[in-house]
Amino acid sequence: MTPWPYPRWIAHRGAGRLAPENTLAAFRLGAQHGYRMFECDAKLSRDGVAFLMHDATLERTTSGRGIGGEQDWHALSQLDAGSWHSRRWAGEPLPPLAALARWCRANGHLLNIEIKPTPGTERVTGEAVARQAAQLWAGAAVPPLLSSFKPEALAAARAAAPQLPRALLLDRLREGWLEEALRLDCVAIVCNHALWDAATVARVRQAGLRQLSYTVNDEWAAQRLIDLGTDGIITDRVDLFSPVG
Ligand code: G3P
Ligand code: MG
C-alpha cells in the first residue's frame, strides 16, 4: 500500500466555518485548534497565479463581482475576502497559493490542495497548480496531496509534476471510478463520506490506494469512518477530533 505521511484529521478550507474559508486567517486558526493538515481550494487568476477560493464567482466570499478566474491577480489581491464572514475578519485578502505554502513549510503543516478549476480551464489549472506546487514545496519532506473532481486536471497535474501524489475526488461512485483513479496513478480516493462501506473500502485497499472522506461534520459519521479504518477525515469542525487519532 502507498506509504501515507498524512494525519487522519484534515481541516476543511482552513478552520471550517470559524474564520473566512481559504484565507490565511482560517489556516492559522485551524492550527491553533491543533490541526496539522489542511484542505484548500486552488484556482488560477487570468494571468496564471494560483490562489485560494472555492467558488468560480467572487460574490459569496469576497467584495468582488464576476468570475474570479477572469481577473488578473493584481485586481484579485485588492479584494476583501473576510467581511462576508464577520467584522472580525474584515480586510483579509485572498491568498496566493505561495503564501499558504510558505506558512505550511515554516510551521511543518501539511496540505491537501484541491485543484478547483474555473469551468473550462481544467487542463491549464491542473498543469499550473501542480507546477507551482512542485516549486513551492521543492525539497520538502512531505509533498502536498493534490486532489480534484476533474480527471482532466489530475492528468495535467501528473504531466507537470508526476512526483506529487494525487487523489481522485468523487461525489458518487460512477461507472469505472476505481479504474479511472488507477489510470491517473492516484494514491487515494477522496469520497463523500456517506458512500464508504466495508466492501468499497476493501476494494480500494486491495487496489493499493488510500481512502479519505469529505466533509465529515457529525461525530457518528466520523466514528463510522474510523471503524472502517479510514485514512483521512476532512472536517469543518474544530472540536471533533482527538489529537491522538
Ligand atoms: O476536497 C474535499 C472537499 O473540499 C470537496 O468539496 O466543494 O468543499 O471543495 P468542496
Ligand atoms: Mg474543497
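Which elements make a right-handed β-α-β unit with helix α5? In this predicted model, where local features need pLDDT of at least 70, side-chain atom pairs count only at pLDDT 80 or more, and totals for chains, interfaces and linings use all residues, the unit is made by strand β5 (residues 145-148), helix α5 (residues 151-160) and strand β6. Residues are numbered from 1 along each chain as its sequence is written, and side-chain values use heavy atoms, with hydrogens and water left out.

Helices (H or I, at least four residues) and strands (E, at least two) are DSSP runs numbered from the N terminus, and a crossover is called right-handed if, with the strands pointing away from the viewer, the path from the first strand over the helix to the second runs clockwise. From β6 the chain crosses through helix α6 (residues 177-183) to β7, again in a right-handed β-α-β crossover.

Strands pair if DSSP finds at least two bridges between them; β5 and β6 are parallel, with three bridges, and S148 stands opposite L168. On β7 (residues 188-192), which is parallel to β6 and joined to it by four bridges, V190 is the bridge partner of L169. Of β6 (residues 166-170), five of five residues are buried, meaning under 20% relative accessible area (1.4 Å probe, protein chains only); R166, L168 and L170 point one way, A167 and L169 the other.

Elsewhere, T23 lies in the loop between β1 (9-12) and α1 (24-32). T23 is buried, with a relative accessible area of 1%, and, leaving out residues up to four places away in sequence, T23 is in contact (heavy atoms within 4.5 Å) with A81, E92, P93 and P95.

Key: Chains are lettered from A and ligands numbered from 1 in the order in which they are written. Buried means under 20% relative accessible area, exposed over 50%, partly exposed in between (1.4 Å probe, protein chains only).
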